[in-house]
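Here is a brief report on aromatic contacts and pockets. The sequence and model come first.

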Amino acid sequence: TEDFGCCDVDDNIRQVFRRKIDALRPLFRSCDEVQMELGETDRCFDVLRAESFVAGTRDAYLRDPNSLGENPRANYEMGMRMTLEDCAWAATEQTRIYRRFQALFEDYDLILSPTTPVSPFPWQDLYLKSINGKELANYYRWLALTYVVTLATNPALSLPCGVDHKGMP
C-alpha cells in the first residue's frame, strides 16, 4: 500500500515507492497492491493521543501551563475538551481498525508501505505543513504513515531502500 487508504503521500514518493516495490517483487511469491478501508484513523489517533497528553502532562499543566511547549500544551487542552463519549468511541474505533488491518494477514504475511510521505526537509522546519499542496490538519498529521501502523497495534520495521527522487535516504 502506498498510503493505507488514508494517508497523504507526496506524488514523487509514491513513484519512488512503486519503483522500490518493482525491485522487491521478485523476492516474494506474490506482491499485490492492497486496498484498505481502515476507518477514521486520524480522528481516532487524535483522541488517543490527546488522552495520553492529558495523562502525561496534567500535573505540569496544572502547576504552570506555560512550562509546557506550545504543542504539548495544545495537545493537553485538546484532550481536556474531549468527552467520555469521544474516548469510548476512539477505543472502539481502534478495535475496528485493528480488526480490519488484521484481516489482511489472512492473505498476506507482510504489508509494505513508505515510512514517510515526503523527501527529508530542512531540519529547521519542525514539521510539514502540506503535502501535494494540501494543507495538513495539524503538526503531526504528516506522520500518519507511521501512526496508522501503531494505531492498529502492528509491529513495524523501517528498512532503508536507497534514495528517493531527490537523492535523499
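## Aromatic pairs and pockets

The structure holds eight aromatic pairs. The model is predicted. In one of the pairs, the rings of Tyr127 and Tyr139 have centres 5.9 Å apart and planes at 65°, so they meet edge-to-face. Tyr127 lies in the loop between α4 (84–104) and β1 (130–131), and Tyr139 in the loop between β2 (134–135) and α5 (144–151), so the pair ties together parts 12 residues apart in sequence. Tyr139 also pairs with Tyr140, again edge-to-face: 5.4 Å between centres, 85° between planes.

Ring pairs join Phe45, Tyr127, Tyr139, Tyr140 and Tyr147 into a cluster. Tyr140 is buried, at 4% relative accessibility. Tyr127, at 29%, is partly exposed. Charges sit over two of these rings. The charged end of Arg49 lies over Tyr140, 4.0 Å from the ring centre. That of Lys129 lies over Tyr127, 4.9 Å from the ring centre.

Now the pockets. The largest has a volume of about 1,100 Å³. Its lining counts 38 residues, with Ser113, Pro114, Thr115, Leu157 and Leu159 nearest the centre. α1 (11–24) and α5 each supply at least two lining residues. The largest share, six residues, comes from α1.

The second largest pocket has a volume of about 500 Å³. It is lined by 20 residues, and Ser30, Cys31, Asp32, Leu110 and Leu112 are the closest to its centre.

How values were computed. Residues numbered from 1 in each chain as written. Predicted model: local features only at pLDDT ≥ 70, side-chain atom pairs only at ≥ 80, totals over all residues. Heavy atoms only, no water. Phe/Tyr/Trp six-rings, centres within 6.5 Å; stacked < 30°, edge-to-face > 60°. Helix = DSSP H or I, 4+ residues; strand = E, 2+ residues; numbered from the N terminus. Buried < 20%, exposed > 50% of the residue type's maximum accessible area, 1.4 Å probe, protein only. Lys NZ or Arg CZ within 6 Å of the ring centre and 35° of its normal. 1 Å grid on protein atoms, 1.4 Å probe; cavity = no way out; pocket = protein on both sides within 12 Å on 5 of 7 lines; lining within 4 Å. Points joined across faces, edges and corners; volume = space filled by probe spheres on them.
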